[in-house]
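Please open the model in your viewer and keep the selection panel at hand.

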Amino acid sequence: MTGDTPVEATTAQDAGLAARERLREMMNASPLDPGELMFNLGLYTRSSLLVKFLVLSEVYKRIQSLPGALIEFGTWRGQNLVLMENLRAIYEPFNKQRTIIGFDTFSGYPEDAGMAAKSTETHGGYNTGSAYPDYLAELLRVHEAMNAFGHIPGGHQLIAGDVAQTAPKYFADHPETLVAFAFFDMGPYEPTVAALKAIRPHLMPGSVLLFDELTWTGAPGEAIAFKEVFRDARYTIEKVTLYPSKTLVTLL
Ligand SMILES: C[S@@+](CC[C@H](N)C(=O)[O-])C[C@H]1O[C@@H](n2cnc3c(N)ncnc32)[C@H](O)[C@@H]1O
């Protein structure tokens, strides 16, 4: 027992961690060969991951009738980008104009993660290694190739670098961009405010923004950035039903 944490809560937490470790071991020693594993990944998919798939699927349905790009600020390994490509294939297989764009340093949090960063946002945290953007780009092409009209590639872009610089530059270079959906998953104020300012002129009624930690007082940077940039905007705001710590904003 630590501090005021009840014994039962600690025990439950320990049991959960032990089960997660056992799942990792079981996946590592899986009796399935790689081909079988690809078709049976649900065997090892925890509810905490599955819920993210379900949430993105719900968001996709909301923006399906809008034109414009799907963007993730803070892509890390790019799982959400792959998921968006596959949701695109399911919900609008013939829409080859749906660009999917991922922004990340790919070297983790920059030296000074900035105002209101939380402890996991330390310098270099989430470093994917320098070869990873090429690996992810190929992974996205491979998924695209398996989907309808896969012979027409090019629906994805990975923008490497600090978003405080890359987001303003990207939208200055691509003033025609419309943004249907953007997911903010970096955390600190500086890159978030830069990304919000950069995309705001490219949003339209119905555009959806998903925030990872808008309501988390432990790291207020995201909320401060949002309130600053959208002070005079008209929008609806709601918590994500299946994932209450996440927040959805829909432009009016
Ligand atoms: C929590 S992780 C993102 C996880 C990912 N969205 C997912 O769901 O798997 C945060 C990411 O933001 C990136 N990041 C943080 N600050 C950044 C900045 N200033 N510019 C670009 N990327 C940044 C980190 O490199 C890291 O990959």
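Predicted model: local features only at pLDDT ≥ 70, side-chain atom pairs only at ≥ 80, totals over all residues.

Residues are numbered from 1 along each chain as its sequence is written, and side-chain values use heavy atoms, with hydrogens and water left out.

**Domains**

Colour residues 1–44 as domain 1 and residues 46–251 as domain 2; these bounds come from an automatic or database domain assignment. The centres of domain 1 and domain 2, taken over C-alpha atoms, are 28 Å apart.

**The ligand**

Next, display the backbone atoms facing the ligand. A backbone N or O atom of Gly 74 lies 2.7 Å from a ligand nitrogen atom, and a polar backbone atom of Thr 105 lies 3.3 Å from a nitrogen atom of the ligand. At Trp 76, a backbone N or O atom is 3.5 Å from an oxygen atom of the ligand. The protein covers 92% of the 610 Å² of accessible area that the ligand has on its own (Shrake-Rupley method, 1.4 Å probe).

**Two positive phi angles**

Move to the loop between β2 (100–104) and α5 (132–146), where Phe 106 lies; helices (H or I, at least four residues) and strands (E, at least two) are DSSP runs, numbered from the N terminus. Phe 106 is not a glycine, yet has a positive phi of about 60°. Tyr 126 is found in the loop between β2 and α5, and this non-glycine residue has a positive phi of about 75°.

Are these residues buried or exposed? Phe 106 is buried, because its relative accessible area is 4%, whereas Tyr 126 is partly exposed at 42%. Buried means under 20% relative accessible area, exposed over 50%, and partly exposed in between (1.4 Å probe, protein chains only).

**Arg 98**

Select Arg 98 in the loop between α4 (79–91) and β2. Arg 98 counts as buried, because its relative accessibility is 2%. The side chain of Arg 98 reaches the backbone oxygen of Leu 66 at 2.8 Å, and a polar atom of that side chain lies 2.8 Å from the backbone oxygen of Gly 68. Beyond four places in sequence, the contacts of Arg 98 include Tyr 60, Arg 88, Glu 92 and Ala 180; contact means heavy atoms within 4.5 Å.

**His 156**

Go to strand β3 (residues 156–160), which contains His 156. His 156 is buried, at 16% relative accessibility. Its side chain makes a polar contact with the side chain of Glu 85 at 2.9 Å. Such a contact is a pair of N or O atoms within 3.5 Å; within protein, one must be able to donate a hydrogen and the other to accept it, and residues adjacent in sequence count only if both atoms are side-chain atoms.

**Thr 177**

Finish in the loop between α6 (163–173) and β4 (179–184), at Thr 177. Its side chain reaches the backbone oxygen of His 174 at 2.7 Å.
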